[in-house]
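Visitor: I would like to learn how to read a few features of a protein model. Could you take me through them one at a time?

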Amino acid sequence: MPNSSEPKLIAGNANKDLAKTIAKRMSLHRGNKVAPVHARVERFNDGEIFVEVFENVRGEDMFIIQSTSNPANDNLMELLIMTDALRRSSAARITAVIPYFGYARQDRRTKARTPISAKLVANLIAEAGVERVLTMDLHAAQIQGFFDLPVDNLYASPIFALDILHHFGDMSDVMIVSPDVGGVARARELAQRIKAPLSIVDKRREKPGEIAEMTVIGNVKNKRCIIVDDICDTAGTLCKAAEVLMDAGATEVHSYITHGVLSGPAVERITNSVMKSLVITDSIEPTGPVQKCKNIRIVPIAPMLAQAILNISGGSSVSSLFDTDTLGPIYEGMYPGV
């Protein structure tokens, strides 16, 4: 049912710039100023998190903007404690907007005596008092089933499609590449949007974080290859895949990754890579080195998230945002002629 009150935002410390940009976009749509609720999210000397909301939120439709990115545990606890503060302040509904859902890579038991951390985190979020989750490109789609509450999982592929069509021009020599067999569905979905062929880099791991062997499935000779994935952490796999594609005859290699975790040596590896460009979203707040890296480009997700929040609050469809034609007007001015 549509909510009678206007949606209100509150932001944790994970990605304040994204929260402010979402508020600006909502202001543009609404015709009146929208600003995150005034609150403080601080730490005691021993690291405990303290939250105080300075505005009345009784009966309000609240949206918490908080990625559970690095430091994942701190940002997750901020989300839980903010939720508890809002629940005890009689908010009408609490939606957790989690652009990057941490612990999503631990979605199943791959070995004996290992946890399913994604399910544990889902339980914690629900128990804290969240009534709905809005996220983007979950690492595994089945994580939606870990929640006993509504989950809206947005996709970056419509935004990436707009960006590719704008920047690559002639699409006759463009090929979409999945960096592993598990990501084929994600890559195929984008390939269908831009009407491009699909290739796969099959990888075999000796242990987590280390690649033993890579094989290209498909003919990439004389193609501009675009690697598509949801997460780039240390960039080892990504840079190795770019090298394998160039060795197989590709003319250029670019990458489109939803969540730029980019930890450890990632930026240095990307800078020195044969990869011509890496495009990420701002689902995770970019660090200084990421912003300064010449071959990393950031596309905003605030327009999509702002529209999704307005749709949820108004009781209208969120799945309409999966359509490139719907997103075109939302990103008007960024991609003219597409």
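Guide: Start with polar contacts. A polar contact is a pair of N or O atoms within 3.5 Å; within protein, one must be able to donate a hydrogen and the other to accept it. Keep in mind that this is a predicted model.

Visitor: Which side chain makes a polar contact with the side chain of Gln307?

Guide: That of His29, at 3.4 Å. Gln307 belongs to helix H9.

Visitor: Is Gln307 buried or exposed?

Guide: Buried means under 20% relative accessible area. Gln307 has 16%, so the residue counts as buried. Leaving aside neighbours within four places in sequence, Gln307 touches His29, Leu321 and Ile330.

Visitor: Now Gln66. Where is Gln66 found?

Guide: In the loop between strand S4 (61-65) and helix H2 (72-88). The relative accessible area of Gln66 is 1%, so this residue is buried.

Visitor: What does the side chain of Gln66 reach at 3.2 Å?

Guide: The backbone nitrogen of Ala14. A polar contact of 3.0 Å also joins the side chain of Gln66 to that of Glu78. With neighbours within four places in sequence set aside, the contacts of Gln66 include Gly12, Asn13, Ala14, Asn75 and Glu78. Val97, Ile98 and Pro99 are also among them.

Visitor: Next, aromatic rings. What describes a pair of them?

Guide: The distance of the centres and the angle of the planes.

Visitor: How many aromatic pairs are there by this rule?

Guide: The count is 5 aromatic pairs. One of them joins Phe44 and Phe50, with 5.8 Å centre to centre and 45° between the planes, and this pair is tilted. Phe44 is partly exposed, at 46% relative accessible area. Phe50 is partly exposed too, at 29%.

Visitor: Why is the pair of Tyr155 and Phe322 edge-to-face?

Guide: Planes over 60 degrees apart count as edge-to-face. Here the planes stand at 70°, so the pair gets that label. The ring centres are 5.0 Å apart.

Visitor: Where in the chain do these two residues sit?

Guide: In distant parts, 167 residues apart. Tyr155 is in the loop between strand S7 (151-154) and helix H4 (157-168). Phe322 is in the loop between helix H9 (302-314) and helix H10 (324-330). Tyr155 is partly exposed, with a relative accessible area of 31%. Phe322 is partly exposed, with 28%.

Visitor: Let us turn to empty space. What shows where empty space is left?

Guide: Rolling a probe the size of a water molecule over the atoms. In a cavity, the probe fits but cannot get out, whereas a pocket is open.

Visitor: How many cavities of 30 Å³ or more does the count give?

Guide: The count is 1. About 30 Å³ of space lies in the largest cavity.

Visitor: Which residues line the largest cavity?

Guide: Thr68, Leu76, Ile98, Phe101, Gly102, Tyr103, Val121 and Ile125. By class, 6 are nonpolar, 2 are polar and none is charged. Ile98 in this lining is also in contact with Gln66.

Visitor: And the second largest pocket: what is its volume?

Guide: About 460 Å³. The pocket is lined by 25 residues, and the closest to its centre are Ser69, Asn70, Tyr100, Val261 and Ile284.

Visitor: How does that lining divide by class?

Guide: The lining of the second largest pocket has 12 nonpolar, 10 polar and 3 charged residues.

Note on methods:
Residues are numbered from 1 along each chain as its sequence is written. This is a predicted model: local features need pLDDT of at least 70, side-chain atom pairs count only at pLDDT 80 or more; totals for chains, interfaces and linings use all residues. Side-chain values use heavy atoms; hydrogens and water are left out. Helices (H or I, at least four residues) and strands (E, at least two) are DSSP runs, numbered from the N terminus. Buried means under 20% relative accessible area, exposed over 50%, partly exposed in between (1.4 Å probe, protein chains only). Contact means heavy atoms within 4.5 Å. On a 1 Å grid over the protein atoms alone, a cavity is a set of points where a 1.4 Å probe fits but cannot get out, and a pocket is an open set with protein on both sides within 12 Å along at least five of seven lines; lining residues have an atom within 4 Å of a point. Grid points are joined across faces, edges and corners, and a volume is the space filled by probe spheres set on the points. Ala, Val, Leu, Ile, Met, Phe, Trp, Tyr, Cys and Pro count as nonpolar, Asp, Glu, Lys and Arg as charged, and the others, Gly among them, as polar. Rings of Phe, Tyr and Trp (its six-membered ring) pair if their centres lie within 6.5 Å; planes under 30 degrees apart count as stacked, over 60 as edge-to-face and the rest as tilted.
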